[in-house]
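Subject: Structure for you to look at

Hello,

Here is the structure I said I would pass on.

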Amino acid sequence: MALEQLKAFLVRMQDDPDLKARVLAAATADDVAKIATGLGYEFAGDELLRFSGQKVGRVTVSKQETPGEYN
């Protein structure tokens, strides 16, 4: 279910420049998930990270490495 929600969100994002700008400005995958939740989509940041490298329509999900980030 979450995967379908994620894909639907990405489809919406590709046709909504304001939403795309908000997503690109988000600092973390959890922040993107919060934006999506506010629009009625349900998926977690870790699900978005696992989707990295995959493409939906004109959107390719890619994980950004943050310099100085430690795990």
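Predicted model: local features only at pLDDT ≥ 70, side-chain atom pairs only at ≥ 80, totals over all residues.

Residues are numbered from 1 along each chain as its sequence is written, and side-chain values use heavy atoms, with hydrogens and water left out.

Overall make-up

The protein has four helices and two strands. Read from the N terminus, their order is α-α-α-α-β-β. Helices (H or I, at least four residues) and strands (E, at least two) are DSSP runs, numbered from the N terminus.

Of the 71 residues in the protein, 30% are buried. Buried means under 20% relative accessible area, exposed means over 50%, and partly exposed is in between (1.4 Å probe, protein chains only). The accessible surface of the protein is about 5000 Å², and carbon and sulfur atoms hold 51% of that. The areas come from the Shrake-Rupley method with a 1.4 Å probe, and for residues only the protein chains shown count as cover.

A contact means heavy atoms within 4.5 Å. Among the contacts with a separation of 6 or more, 49% are between residues 24 or more positions apart.

Aromatic rings

How many aromatic pairs does a search of the whole structure find? There are two. Rings of Phe, Tyr and Trp (its six-membered ring) pair if their centres lie within 6.5 Å; planes under 30 degrees apart count as stacked, over 60 as edge-to-face and the rest as tilted.

Phe 9 and Tyr 41 form an edge-to-face pair, with 5.5 Å from centre to centre and 65° between the planes. Phe 9 lies in helix H1 (residues 2-14) and Tyr 41 in the loop between helix H3 (29-38) and helix H4 (45-50), so this pair ties together parts that are 32 residues apart in sequence.

The ring centres of Phe 9 and Phe 43 are 5.6 Å apart and their planes are at 55°, so that pair is tilted. It also links distant parts of the chain, since Phe 9 is in helix H1 and Phe 43 is in the loop between H3 and H4, 34 residues apart.

Through these ring pairs, Phe 9, Tyr 41 and Phe 43 form a cluster. Phe 9 counts as buried at 1% relative accessibility, and Phe 43 counts as buried at 7%. Tyr 41 is buried too, with a relative accessible area of 13%.

Leaving out residues up to four places away in sequence, Tyr 41 touches Gln 5, Ala 8, Phe 9, Arg 12 and Ala 36. The C-alpha atoms of Tyr 41 and Leu 6 are 7.2 Å apart, although the two residues are 35 residues apart along the chain.

Gln 14 lies in helix H1. From Gln 14 to Gly 57 the distance is 7.7 Å, C-alpha to C-alpha, and they are 43 residues apart in sequence.

The largest pocket

The largest pocket has a volume of about 630 Å³. Of its 23 lining residues, Val 32, Leu 48, Ser 62, Lys 63 and Gln 64 are the closest to its centre. On a 1 Å grid over the protein atoms alone, a pocket is an open set of points where a 1.4 Å probe fits, with protein on both sides within 12 Å along at least five of seven lines; lining residues have an atom within 4 Å of a point.

Regards

Conventions:
Points joined across faces, edges and corners; volume = space filled by probe spheres on them.
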